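Colleague: Please take a close look at the charged pairs in this model. Where do they sit, and what surrounds them?

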Amino acid sequence: MAVFPRLLLKLIECVLYQLLANSCYKAAKKVKQYGFTFTSLFVTTNPSLKTPSNNSSSSSFYPHVSKCSLKNRASQTLVCDLNVLLNSSKTYSFFPYFMLVSFEGGTIFRALILLISWPFLCLLDWESKFKAMIFISFCGLPIKDMTNVSKAVLPKFFLENLNLHVFEVFQATGSKVVFTSAPRVMVEGFLRNYLNVNDVVGTELQTYGRYYTGLLSQNGLLVKHKALLEYFGEQKPDLGIGSPNLHDHLFISLCKEGYVVNKEEEKKKGEVVGRERYPKPLIFHDGRLAFLPTPFASLCTFLWIPFGILLAIYRISLGIFLPYKLGLCLGHWSGLNVTLKGYTTTKTTKTTTKKGGVLFVCSHRTLLDPVFLSALIGKPLVAVTYSLSKFSEVIAPIKTVRLSREREKDGKKMQKLLEQGDLVVCPEGTTCREPYLLRFSPLFAELTDEIVPVAVDSWVSMFYGTTASGLKWLDPIFFLMNPRASYHMVVLPKIPKEKTCGGGGKSSYEVANYVQRQLGDVLGFQCTNLTRKDKYLMLAGNEGVVLQHHHQNSSKTTT
């Protein structure tokens with residue numbers, strides 16, 4: 001009985017603390033508006049510090065980072081906090097990234113606990129709230145799963161939320177060290193691999209065996225200005241970037257030159273770093289969530305999931321039980337927009353009297369590529385695939401045939417299927433979410449000269465329908481659970497005879513590269529020489545092969 005009064009007092013204390021802190025902050029801003037600043041104090045204690053004169057921002061002792069000159073920075077050392085690198089809101093701070101760890105690395109139940117806890121966490125001070133989010137996200141989490149999330153899931157969201165001005169300074173400087181209160185294991189992979197950061201100093205977590213305990217190491221949360229002093233000693237970094245608050249002012253004051261980032265101003269401008277400016281291209285990433293899970297977005301997702309499951313069952317039923325045209329029409333009304341361009345019967349009519357069908361060669365976005373192609377052209381096709389679950393085979397409205405990754409055996413099987421009718425093949429061997437095409441296997445070019453390229457692109461609003469480390473049988477379910485999703489297909493003209501192996505005397509590699517370039521031009525995608533093996537080694541730490549015995553083709557094509 002005595003627990004409830006203590007809990008009530010604690011809650012009242014937290015509310016009063018927040019109200020008083022907010023009142024003091026407003027009072028301080030009013031004092032500052034009347035001209036009472038403490039810049040002279042910083043100058044007195046740090047005479048070597050470069051402080052702004054006429055260029056000073058009205059809300060900070062330091063100028064905005066956009067005023068930082070980018071010339072002659074190649075030999076200088078930059079220090080900053082991860083928080084200023086990102087355009088995250090002050091209201092939810094690092095919550096979306098902890099949600100990604102909970103949802104993608106943990107389970108949906110862990111993510112739900114984090115979401116339910118959020119309103120109560122907002123009553124706590126920043127340090128307590130941050131520790132609580134770390135505990136919920138990491139307690140009992142396998143180290144291996146966190147490693148996969150840090151290298152395969154989080155980099156996409158970090159890159160999409162980079163602060164443009166800070167990124168430009170980052171690119172101009174030679175040596176970069178990031179200090180952050182976030183767990184080092186969450187951010188180090190991204191910072192080193194994508195932004196070429198020299199070193200990352202962050203909060204360390206305790207582990208027990210192969211799992212995280214959710215507790216911090218003996219040093220606790222990283223205190224940036226103390227960590228900077230320990231790291232550099234008496235030597236001062238050339239450039240420091242922080243937020244316009246007292247803690248970051250202490251951090252910046254230890255640098256020769258300081259700048260700040262105003263999150264509210266950045267949010268109004270809406271400036272982001274374009275994909276073409278990424279130091280390292282983002283080709284592969286994993287995870288189910290296709291959006292940044294802010295508290296509100298996460299709430300909408302959990303509320304949607306029950307309806308999404310029913311919607312997926314409805315859409316699957318349309319494909320299995322109804323005619324193609326009616327199924328596409330009803331699917332469109334449910335938010336699934338599927339379009340086809342360029343298809344005419346003359347484009348796919350056989351030009352020879354040789355027995356057999358036409359080979360449709362598609363770029364690969366999800367397991368549903370052949371299904372939608374078959375529905376759009378209005379005739380049943382046979383699809384060959386390397387990895388397909390029993391569940392996906394059962395719900396597929398078209399015939400599917402597994403391949404074994406043994407070149408000679410697969411070639412004979414595909415040749416036999418092609419003699420019986422039209423065939424669909426995705427020579428990339430795996431899916432790619434981003435605007436890139438992986439290397440095309442040349443096997444398809446050796447089967448027939450009747451080749452019709454099909455450019456395929458897809459878009460989702462909530463869930464990705466592909467995964468490298470998750471449950472493959474859920475791929476079509478997640479795609480069909482999206483409130484809105486789209487598929488866009490373009491059927492190209494049949495490959496000219498002079499460009500094929502039989503009619504033009506081309507090698508299978510030349511034909512494969514030609515088809516890849518044709519599809520890349522139509523989609524606006526960049527052709528790469530990466531393979532399925534490269535994708536799975538990066539995202540899942542394996543070669544993506546289920547069977548123990550497999551044949552690996554060592555031949556390479558050029559694109």
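Modeller: What follows starts with the whole chain and then goes through the pairs one by one.

This is a predicted model, in which local features need pLDDT of at least 70, side-chain atom pairs count only at pLDDT 80 or more, and totals for chains, interfaces and linings use all residues. Residues are numbered from 1 along each chain as its sequence is written, and side-chain values use heavy atoms, with hydrogens and water left out.

First, the setting. The protein chain has 22 helices and 16 strands. Both are DSSP runs, numbered from the N terminus: H or I of at least four residues for helices, E of at least two for strands. Of its 559 residues, 50% count as buried. Buried means under 20% relative accessible area, exposed means over 50%, and partly exposed lies in between, with a 1.4 Å probe and protein chains only. Among contacts between residues at least 6 apart in sequence, 74% join residues at least 24 apart; a contact is a pair of heavy atoms within 4.5 Å.

Now the pairs. Side chains of opposite charge can pair when their charged atoms come close. The structure holds 22 salt bridges, each a side-chain nitrogen of Lys or Arg within 4 Å of a carboxyl oxygen of Asp or Glu.

Take Asp81 and Lys224. Their side chains meet in a salt bridge at 3.1 Å, N to O. Asp81 is in strand β1 and Lys224 in helix α11 (residues 224-232), so this bridge ties together parts 143 residues apart in sequence. Both ends are covered. Asp81 is buried at 9% relative accessibility, and Lys224 is buried at 13%.

The loop between α2 (39-45) and β1 (77-81) holds Val65. Val65 is buried as well, with a relative accessible area of 2%. Leaving out residues up to four places away in sequence, Val65 touches His165, Val166, Val169, Ile241, Tyr259, Val260 and Val261. Its C-alpha atom is 8.8 Å from that of Asn262, 197 residues away along the chain. Asn72 lies in this loop too, but is exposed at 72%. Asn72 has a positive phi of about 55 degrees, although it is not a glycine.

Glu160 bridges to Lys156, with the closest N and O atoms 3.1 Å apart. Both lie in helix α8, 4 residues apart, about one turn of the helix.

Arg407 and Glu446 come next. Their closest N and O atoms are 2.6 Å apart. Arg407 is in helix α18 (residues 407-420) and Glu446 in the loop between β13 (436-437) and β14 (451-460), so the bridge ties together parts 39 residues apart in sequence. Arg407 is partly exposed at 26%. Glu446 is partly exposed at 43%.

Finally, a network. Salt bridges link Arg184, Glu188, Arg192, Asp199 and Glu204. Asn196 sits in the loop between α10 and β3 (199-203). Asn196 is partly exposed, with a relative accessible area of 47%. Its phi is positive, about 55 degrees, although Asn196 is not a glycine.
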